[in-house]
Amino acid sequence: MIRRLNFNEPAPGTPSDTRSRKLLPKLQQHISQGYCQKCGRDHSLGMAEAEKHCYELMEHLEEHRTIDLFPATAARDPQLSTDFLFGEARGKMFGILTCRTREGAPVNLRAFSGQFNGRWQVPGWAPPLFNVEDMELLTADVEKTIKRMGREILHPDCSRQQQQDVRRQRRELSRELMKEIHSLYRLFNFRGKEETIFTAYIGQNGIPNGTGDCCAPKLFSLAARKNLIPLGIAEFYWGRENSSKTRYHGRFYPSCLEKCQPILGFMLCGLEELHAAINR
Ligand SMILES: [Zn+2]
Ligand SMILES: [Zn+2]
């Protein structure tokens, strides 16, 4: 029995993908893709079986209202409840990557985008692309300095010239911090290559906030590190629709344009050769 969640309907009159449980028609199939500079063309991966496993995950989320994958046996951790996704915080993306080992055994990887209720790491889910302690150390230090500079600017003895200087220093420090943050993200691909977001990102207008925190990069990087061969990927949104109304509960979406596509070309490089080897 699937318990109905208490949430607002996405758009009236639109059939919800969650309840129809029918596999999407071919034309609606979403893919993960990106341009690879090394090969001079796009690499991509479709949904394949991952869609079916996403519906199973949705059923779990509907029934148990937690991302704890073993809710019957473990003591319930309230921080893992999905309830907050239906409130002020709004929903988030979830994704599944179906893989096989080199020996042919099936393995499914799961991910949520960004943090879940303040947590980067939850057992059974793909970890972030950086070492959490390194990230905390880096940001805590610099944020302290940025706050101190803010106090300096407000101090009555601070001249106009000094204020301008401190403001400029603060801007430079923030820029430097972003660069260091992006260098903590490690991306692995299927040629055994490793890059940071800072070096792998090929978009034109600077690296957007949150690049590398989506499901697709977490999933592909984990698969590459575990020596798994990805077969299909699907990502769906769960919770209250986002404020720009581009994401609705229970619907599937392709990997995003701004953050993911500019790194997925690198991340998916080498996958075609692995697929060719399986099919030989
Ligand atoms: Zn994305
Ligand atoms: Zn390539």
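Two strands pair if DSSP finds at least two bridges between them, and helices (H or I, at least four residues) and strands (E, at least two) are DSSP runs, numbered from the N terminus. With that in hand, here's a quick tour of a predicted model. The chain has eight helices and seven strands. Of its 280 residues, 32% count as buried, where buried means that 20 or more other C-beta atoms lie within 10 Å of a residue's own, exposed means 12 or fewer, and partly exposed is in between, with C-beta atoms placed from the backbone.

**Reading the model**
- Residues are numbered from 1 along each chain as its sequence is written, while chains are lettered from A and ligands numbered from 1 in the order in which they are written.
- Local features need pLDDT of at least 70 and side-chain atom pairs count only at pLDDT 80 or more, whereas totals for chains, interfaces and linings use all residues.
- The chain averages a pLDDT (the predictor's confidence in each residue, from 0 to 100) of 88, and 89% of the residues score at least 70.
- Over residues 1–20 the pLDDT is below 50, and this stretch has 22 contacts in the model beyond near neighbours in sequence.
- Where pLDDT is low, the predicted coordinates should not be read in detail.
- Two residues are in contact if their C-beta atoms, placed from the backbone, lie within 7 Å; among contacts with a separation of 6 or more, 68% are between residues 24 or more positions apart.

**Strands**
- β3 and β4 run antiparallel and are joined by seven bridges; Gly 95 has Ala 111 in β4 as its bridge partner.
- An open sheet of three strands has the order β4-β3-β7, with antiparallel pairing.
- Its edge strands are β4 and β7, each pairing on one side only.
- From one strand to the next, the twist averages 15°.
- Elsewhere, β1 and β2 (residues 41–45) run antiparallel, with five bridges joining them.
- This pair forms a hairpin with four residues between the strands, and Gly 40 in the turn has a positive phi of about 70°.
- Tyr 35 has its bridge partner in β2, namely Asp 42.

- The buried residues of α6 pack against several elements, including β3 (92–100), β4 (106–112), β7 (229–238) and α7 (261–267).
- Not counting residues up to four places away in sequence, Leu 219 touches Gly 95, Leu 97, Leu 109, Ala 111, Ala 126 and Ile 233.
- Just after α6, Asn 227 takes a positive phi of about 65°.

**Other helices**
- The axes of α3 (residues 132–154) and α4 (residues 160–184) come within 10 Å and cross at roughly 170°; axes are lines fitted to C-alpha atoms, for helices over the stretch in contact, and angles run from 0 to 180 degrees between N-to-C directions.
- That makes α3 roughly antiparallel to α4, since angles under 35 degrees count as roughly parallel, over 145 as roughly antiparallel, 65 to 115 as roughly perpendicular and the rest as oblique.
- Ile 278 sits in α8 (residues 271–279) and is exposed, with 11 other C-beta atoms within 10 Å.
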